[in-house]
Amino acid sequence: MSYFENVNKIAYEGPKSNNPLAFKFYNPTEQVNGKSMEEILRFGVAYWHTFTEDLSDPFGAGTAIRPWNGFTGMDLAKARVEAAFEFFEKLNVPYFCFHDVDIAPEGSTLKETYSNLDQIVAMIKDYMKNSNTKLLWNTANNFTNPRFVSGAASSNNADVFAYSAAKVKKGLEIGKELGGENYVFWGGREGYESLLNTDLKLEMDNLGRFFHMASEYAKEIGFDAQFLIEPKPKEPTTHQYDFDVATGYAFLQHYGLENTFKFNIEANHATLAGHTFEHELRYARIHGMLGSVDANQGDPLLGWDTDEFPTDLYSTTLAMYEILKNGGLGRGGLNFDAKVRRGSFEAEDLFQAHIAGMDTFAIGLKVAQKLIDDNVLDGFVENRYNSYSEGIGLDIVEGKADFHALEKHALNLGEINNKSGRVETIKATINQYLMNAYADK
Ligand code: XUL
Ligand code: CO
């Protein structure tokens, strides 16, 4: 049986193609600096947005027309697995990601939930045998069910802490079973709404304890996935403990977890935190903490997480610049934590949206590589900071200067000359690179 019978395998047709079901720029085998696009980009499909999401919003019911809509319960879960692997194959995507509740319905007891999961995980494992698509990461949804009203590991209720631990324990076992390359923690409700009823220190200490226990259990069962924290500043809670990379990094260092975790950076979370996507990537990269990416984009006119498919070339270029400078994503990937708009309700839109995202990152990759090859940004930045390569500047960075030496230097200075930052010219140059990338095709 086919769930997407009107869609054939998506092929690369090149920039001149006007076939909405073809790649124009993402050519998996094309080499960029000695590696294939597929190897560098490591795209992933988010199970929740593509197979579980019904496109409802706070003001209206779901609009999604899906070939599995007629099924319920475990039959629905099984139909989704069948559809998912057909989708992965047709899109030729190397990875997928899921939360526990995306793949199997919750039972009325935790035991029943486990048993539902066991059945679906066995089915997924079977499908994976004949598929090129691997598990980038899985995670536990410890935020949707009403029991998580006050958090999971940061709940005021120890029973909820225990329940959350059990779900993560199961998630780690599932990750191991399916060969997951990473395991993600997004602290959906790990934060608070009002200080008036919150023990901030206990909640944060408990979160630290929880992460240590998770890491110990992963070691115990021999699951060597990279652990990832996914920062988000707000929504659902007003104050999230993992606000952004800098906050998350301080948290990890404080609790001695900085060697156990890296970050899964989501574009729309970055912008909600008042940063650019590339800021978060850079901050993680320079601290050796860039693990993986949730590839999407927000709507600058809206103040919440819209999870749109990435189509902004400028943003993907600067993101790929950071990723290439990082030497790639290692075991991480570009997971489309993105949903089609409520008005894009046909099943075919799921393919078209992923194609748009993959093509947008492919262009970003090529332009970023060219910017690096031509030393466009580094050359400029190096020159901008060249006062630190000799004299007093060199003494400062080599730790040889103290306040006495600096004062002596300052007293002898005439007028100080600064250099122009030339940011407009740099932006215009990036535009030139974007325009020229496919000019000859
Ligand atoms: C929520 C979000 C999550 C995580 C995984 O904003 O991004 O879907 O990616 O829990
Ligand atoms: Co995400």
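The entries that follow go through helices, then single residues.

**Ground rules.** I worked from a predicted model, in which local features need pLDDT of at least 70 and side-chain atom pairs count only at pLDDT 80 or more, while totals for chains, interfaces and linings use all residues. Residues are numbered from 1 along each chain as its sequence is written, chains are lettered from A and ligands numbered from 1 in the order in which they are written, and side-chain values use heavy atoms, with hydrogens and water left out.

**Helix H10.** I began with H10, residues 277–286; helices (H or I, at least four residues) and strands (E, at least two) are DSSP runs, numbered from the N terminus. I found Phe277, Glu280, Leu281, Ala284 and Arg285 buried in H10; buried means under 20% relative accessible area, exposed over 50% and partly exposed in between, with a 1.4 Å probe and protein chains only. Seen down the axis, these buried residues fall within an arc of 130°, so they line one face of H10; the arc is that of the directions from the helix axis to the C-beta atoms. An α-helix has 3.6 residues a turn, so residues three or four places apart point the same way. The cover over the buried residues of H10 includes H8, strand E12 (261–266), helix H9 (267–272), E13, H11 and H12. After H10 comes Gly288, with a positive phi near 70°.

**H10 against H11.** I noted an angle of about 5° between the two helices, with axes 9 Å apart; axes are lines fitted to C-alpha atoms, for helices over the stretch in contact, and angles run from 0 to 180 degrees between N-to-C directions. That makes H10 roughly parallel to H11, a label for angles under 35 degrees. On the H10 side the contact is made by Phe277, Glu278, Leu281, Arg282 and Arg285, and on the H11 side by Ser315, Leu318, Ala319, Tyr321, Glu322 and Lys325; contact means heavy atoms within 4.5 Å.

**Helix H16.** I checked the length of H16 (residues 423–436): its 14 residues reach 20 Å from first C-alpha to last, close to the 20 Å expected at 1.5 Å a residue. The expected span is 1.5 Å times one less than the number of residues. Thr429, Ile430, Tyr433 and Leu434 are the buried residues of H16. They cover an arc of only 145° around the axis, which puts them on the same side of H16. The face turned away from that side carries the exposed residues Glu424, Met435 and Asn436. Helices H11 (313–325), H12 (347–373) and H13 (376–384) are among what covers the buried residues of H16.

Most residues other than glycine have a negative phi, and most peptide bonds are trans. I looked for exceptions. Asp307 has a positive phi near 50°; Asp307 sits in the loop between strand E13 (290–294) and H11 and is buried, at 7% relative accessible area. Arg422 also has a positive phi, near 50°; Arg422 lies in the loop between helix H15 (403–411) and H16 and is partly exposed, at 47%. Glu235 and Pro236 are joined by a cis peptide bond, omega about 10°, and Pro236 is in the loop between strand E10 (226–229) and strand E11 (239–240).

**Lys170.** Is Lys170 buried or exposed? At 10% relative accessibility, Lys170 counts as buried. Lys170 lies in helix H6 (residues 158–177) and, leaving aside neighbours within four places in sequence, is in contact with Tyr114, Leu117 and Asp118.

Key:
Parallel < 35°, antiparallel > 145°, perpendicular 65-115°, else oblique.
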